[in-house]
Amino acid sequence: VIKFNKDSKIDWKKNYYSKSDKKNSPILFLATENKDLFVADTNANYYLLNKKNGNLKWKKKHTSSFNSQVKIKNGKAVIVDMENNLRCFSIINGKNLWSVPTELTVVTSQKKQSIIIVNNLVIFSNSVGDITAVDFDSGEIIWQTPTRALGFGKNKSKGNYHVGQKELELEITWIPEMQPELIHFVDKHGHQGWRIKVTHQK
């Protein structure tokens, strides 16, 4: 992990990985809050650094690799693991505060999953294509929209999902190999607005 200053010079450079970890060339997912830098990776490690000097505050090992964006709010980090579970960790000590299991696919997807926080909702995608909203404090599922129910079942193992936010409107993009489509959710309750099919340019 490297921190650059505003002049593009290195402030600090830290490596908290063993030789065996380095051989796997882990991908890191980062998020910050105040003085803290939360790091998770594809080797199932997650840890907290002091953002000012890079010193390690704590480091833990999860049961599964991580494969999503990281979002932090009020001292809690949320991230999706390779088993399609949304995990919420305390950035104070790394404790797993709650988890939300979703459907696990037979074929493991390498696509990075998306997460956004809208007010007190955590909305995330999984490798199946389900879009799930949960309460940030408790982890209780508020709503879930399977994209297969929206007509995307044929290419579910070959697609890519992205969850984006514009104010309180949500956009869910489904990009399979043959049928790209953009879905617009008009509110935080998961109500569908419009759908647009995107044609391929040759």
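**Leu37**

Leu37 sits in strand E4, residues 36-41; strands (E, at least two residues) and helices (H or I, at least four) are DSSP runs numbered from the N terminus. With neighbours within four places in sequence left aside, I listed its contacts as Val1, Trp12, Leu30, Ala31, Thr32, Tyr47, Leu48, Leu49 and Lys51, a contact being heavy atoms within 4.5 Å. Between the C-alpha atoms of Leu37 and Lys51 I noted 5.3 Å, for 14 residues along the chain.

**Ground rules**

I number residues from 1 along each chain as its sequence is written, and side-chain values rest on heavy atoms, without hydrogens and water. Since the model is predicted, I keep to pLDDT of at least 70 for local features and 80 or more for side-chain atom pairs, while totals for chains, interfaces and linings use all residues.

**Whole chain**

I counted 1 helix and 18 strands in the protein chain. Of its 202 residues, 46% are buried. Among contacts with a separation of 6 or more, 36% join residues 24 or more positions apart. The chain exposes about 11200 Å², with 50% of that from carbon and sulfur atoms; the areas are Shrake-Rupley values with a 1.4 Å probe, and for residues only the protein chains shown count as cover.

**Salt bridges**

I searched for a side-chain nitrogen of Lys or Arg within 4 Å of a carboxyl oxygen of Asp or Glu, and the count came to 3 salt bridges.

Lys57 pairs with Asp36 at 2.5 Å, N to O. Lys57 is in strand E6 (residues 56-61) and Asp36 in strand E4, so this pair ties together parts 21 residues apart in sequence. Lys57 is partly exposed at 45% relative accessible area, whereas Asp36 is buried at 15%.

Lys76 meets Asp137 at 3.8 Å, N to O. Lys76 belongs to strand E8 (residues 76-80) and Asp137 to the loop between E13 and E14, so the parts tied together are 61 residues apart in sequence. I have Lys76 as buried, at 18%, and Asp137 as partly exposed, at 46%.

For Arg87 and Asp81 the closest N and O atoms are 3.1 Å apart. Both residues are buried.

I then checked Asp135, in strand E13 (residues 131-135). Asp135 is buried without a salt bridge, and the nearest side chain of opposite charge, Lys76, is 7.5 Å away; Lys and Arg count as positive, Asp and Glu as negative, and His and the chain ends are not counted. Beyond four places in sequence, Asp135 touches Trp98, Asn120, Leu121, Glu140 and Ile142.

What does the side chain of Asp135 have at 2.9 Å from a polar atom? I found the backbone nitrogen of Ser138 there. A polar contact is a pair of N or O atoms within 3.5 Å; within protein, one must be able to donate a hydrogen and the other to accept it, and residues adjacent in sequence count only if both atoms are side-chain atoms. Ser138 lies in the loop between E13 and strand E14 (141-145) and is partly exposed, at 41%. The Ser138 side chain reaches the backbone nitrogen of Glu140 at 3.2 Å.

Note on methods: Buried means under 20% relative accessible area, exposed over 50%, partly exposed in between (1.4 Å probe, protein chains only).
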